[in-house]
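User: I would like to learn how to read pockets and aromatic pairs in a protein structure. Could you guide me through an example?

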Amino acid sequence: MDAVTTATVDLIALQKRTVWVLVAGQILGGLGIGATLSIGSVLATEVGGSEAWAGTAATLSTLGAAAAAIPLGRLTRRYGRRISLSLGTLTALFGAVVTVLSAAMDFFPLMLLGFAMLGAGAAVGLQSRFAATDVADPRHRGRDLSIVVWSATIGSVIGPNLFGPGEVIAEWFGMPPLTGSFVIAVVAQFAAVCVYAFALRPDPYLVSQELAAAQPDHDTAVAENTSGGVTRNRSLVFMTIGILGLSHAIMVSVMSMTPVHLVHHGTSLAGVGLTLSLHIGGMFALSPVFGWLSDRVGRFPIILTGQALFVVALATVAFGDESMTLVTVGLIFLGLGWSASTVAASALLGDLVTGAARPVIQGRSDLVMNLAGAAGAASAGPALALVGYPGLAASAGVLVAAIVVAVLVVGLPASRVRAA
């Protein structure tokens, strides 16, 4: 049973244990996702028979993450984080299996289903960052959240470089050459399921709900008195969810087409893997720094910092699209921009949303985030064909401008009112 008496729980020890369990799960989950989706665009092109299908791996996995977001949130609300994270990871495991089978059968529709199921793993990663805030000290919410985000660096950076071992595994088992990485994903996801199912006890969300029931604080009281848990400032909630969605769309649209662009310019798969590894490193490696800064100097300054990093990234890939080195540098800055924006905005959402509705609102934010990412991936292919890689970067810049305007017009004034 996950139900506990909160009087017997050492919250500081529970938070430390929760963060470390989530870190372990993120490393394993990141290894599985990084090993599969990094090669997904190439595999989709081979099985689909056309480069027009190159974006389907990112698109379907993102749609899968979107489809899983609210169900995982509702599972959390009813049964806690342990059940929702375990089932989401198990779904991703079966997605890897389905993808291998579809490649062996040369059956593209089944591969699309596999990509969608793999998206549940990404949804688990997003939910894990919120799980780190369930019993966190509000003064360190950004820091704890960012540590869990950072932990995905290890698996996600190693994953895209497993092409070589994947080919060896595929040869051992007589599978198509590009599917060996998916076997690695199956093993990693199974280990992650075990970590969540057996180590995430007591369940941090259930403990947080018992604490709220026993000693409701001001924020929770406000949340429970407004539409079943909506927060102190709805306009800020909507804006924050929008920032998460648009920031994800910017990153996914450029990242998903980079392998195709590089391959067209003669880059080897190893070179593509290195570029994606460095990009993913940018996404996660400095997230504790951004989390600490968001606690110290505020959420909005770090969100704006993220947008400035996006501008650097997009300008670099647009003007240096013929150079693998400059594209790689741009992808690193793209990851850093995503990290600063996502960590700070996620912490802000944790500040705003309290009470029993927290996992549902968080699930809705993940839904919007993934739908925006899917739209970015789906539109990136046609944009690449019509206006090229520099044009794709320029179109992503429009979304950056929208975020900056929203923060300056809505976010900062509203935060000053709250502070007053």
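Predicted model: local features only at pLDDT ≥ 70, side-chain atom pairs only at ≥ 80, totals over all residues.

User: How much space lies in the second largest pocket, and which residues are closest to its centre?

Analyst: The space amounts to about 260 Å³. The pocket is lined by 13 residues, and those closest to its centre are Ile12, Gln15, Lys16, Arg143 and Asp144.

User: What is the make-up of the lining by class?

Analyst: Seven residues of the lining are nonpolar, four are charged and two are polar.

User: Let us turn to aromatic pairs. How many are counted?

Analyst: Rings pair if their centres lie within 6.5 Å, and planes over 60 degrees apart count as edge-to-face. By this rule there is one aromatic pair. Its members are Phe284 and Trp338, with 5.6 Å centre to centre and 85° between the planes, so the pair is edge-to-face.

User: Which parts of the chain does the pair tie together?

Analyst: Phe284 belongs to helix α11 (residues 269–284) and Trp338 to helix α14 (residues 324–352), so the pair links parts 54 residues apart in sequence.

User: Are Phe284 and Trp338 buried or exposed?

Analyst: Buried means under 20% relative accessible area. Phe284, at 11% relative accessibility, is therefore buried, and Trp338, at 5%, also counts as buried.

Note on methods:
Residues numbered from 1 in each chain as written. Heavy atoms only, no water. Phe/Tyr/Trp six-rings, centres within 6.5 Å; stacked < 30°, edge-to-face > 60°. Helix = DSSP H or I, 4+ residues; strand = E, 2+ residues; numbered from the N terminus. Buried < 20%, exposed > 50% of the residue type's maximum accessible area, 1.4 Å probe, protein only. 1 Å grid on protein atoms, 1.4 Å probe; cavity = no way out; pocket = protein on both sides within 12 Å on 5 of 7 lines; lining within 4 Å. Points joined across faces, edges and corners; volume = space filled by probe spheres on them. Nonpolar A, V, L, I, M, F, W, Y, C, P; charged D, E, K, R; others polar.
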